[in-house]
Amino acid sequence: MKIGIYIKDKSLLEDARMLKLLDCLKGARIEMYGIGERSDVQDHTDMVLSIGGDGTFLSASKRVANSGIPILGVNLGRLGFLSENTTESAFKALLDGQYTIESRDMLTASVEGMDWSEEEGFWPYALNEITIHRKDAAVMGIKVFIDGTALPTYWADGLIVATSSGSTAYSLSAGGPICMPEAKVLLVVPIAPHNLNVRPLVVPITSHITISPIIRGDSAIFTLDNRSCLIPATCTIHVALADFPMRRVKLANSNFVNALTGKLFWGEDIRNNKK
């Protein structure tokens, strides 16, 4: 087996858990090499280990997603929904072959009149979400069309379009629903809306979403996962399902509902105490 190792936070190179994992992989005669940029990914790589947290996993997805190489997230960070596995469970699963490969839907986005090549290293795909956000103090208006049908204009700090994978990320903190990762939907979620009667909207994953901001200033903040740039106030954004998925290694004992209850204390209630 040939594995690429991606570590965003270089301080983890001295982490005892990390060093033990590398020693175990080496002892199992697994071929390893380091990945920094997309160009570092070698032919015949079986998978990539993303070591850190969910932010590291998102960065790893930029480097390998359209290559078809699956990513195994090892959590040395905080919550970790994408990078949910411990170093011990990851090594044991690799050794015993106790894992499957799942596909996670990704978004693609384009901005009319903007050449992505002008933004060095900017990649027009996202695993969790894309957002548009006000840069200045004034509230912004956001016109949204779903397959050509206009929604009422949002007046808010911004807007999120999220995948089901991203339902437990930024969308959740903005009041969006939680979706099972395999759900074939997109979420349209306003950020701090000034309309009291608007709610997050769930739309089919096949939807083409068009977004046009109404801004007093000259620009807004546009993000794809953990990457951001400024876009002109007069722009139009197009968001749709990407033509390739991100492949993720899922360990045999992985369970999304257990992750919700264990990490977010979902349903925590004295009446649910089994004791």
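1. In this predicted model, Asp105 is a buried residue, with a relative accessible area of 14%. Because burial is defined as under 20% relative accessible area, Asp105 falls within that class. Its salt-bridge partner is Lys184, and the closest N and O atoms of the two residues are 3.1 Å apart. Asp105 belongs to the loop between β5 (99-104) and β6 (107-111), while Lys184 belongs to the loop between α4 (170-173) and β13 (185-191); the pair therefore ties together parts that are 79 residues apart in sequence.

2. Arg248 is likewise of note. This residue is buried, with a relative accessible area of 2%. Arg248 forms a salt bridge with Glu84, in which the closest N and O atoms are 2.9 Å apart.

3. Asp218 counts as exposed, at 57% relative accessibility, whereas Lys135 counts as partly exposed, at 38%.

4. Some salt bridges share partners, and those of Glu84, Glu102, Arg104 and Arg248 form one network. A search of the whole structure finds nine salt bridges.

5. As to the overall fold, the protein chain contains five helices and 19 strands. Its radius of gyration is 20 Å, close to the 19 Å given by the globule rule for 275 residues, so the chain is as compact as a globular protein of that length. The C-alpha trace spans about 60 × 55 × 35 Å along its principal axes.

6. How much of the protein chain is made up of buried residues? The share is 49% of the 275 residues. Of the contacts between residues at least 6 apart in sequence, 69% join residues at least 24 apart.

7. The surface and the charges complete the description. The accessible surface of the protein chain comes to about 13,600 Å², and 52% of this area belongs to carbon and sulfur atoms. The chain carries 27 positive and 30 negative charges, whose mean positions are 6 Å apart.

Terms used
Residues numbered from 1 in each chain as written. Predicted model: local features only at pLDDT ≥ 70, side-chain atom pairs only at ≥ 80, totals over all residues. Heavy atoms only, no water. Helix = DSSP H or I, 4+ residues; strand = E, 2+ residues; numbered from the N terminus. Rg over C-alpha atoms; globule rule 2.2 N^0.38 Å. Buried < 20%, exposed > 50% of the residue type's maximum accessible area, 1.4 Å probe, protein only. Contact = heavy atoms within 4.5 Å. Areas by Shrake-Rupley, 256 points an atom, 1.4 Å probe, with all protein chains shown as cover. Lys, Arg positive; Asp, Glu negative; His and termini not counted. Charge placed at Lys NZ, Arg CZ, Asp CG, Glu CD. Salt bridge = Lys/Arg side-chain N within 4 Å of Asp/Glu carboxyl O.
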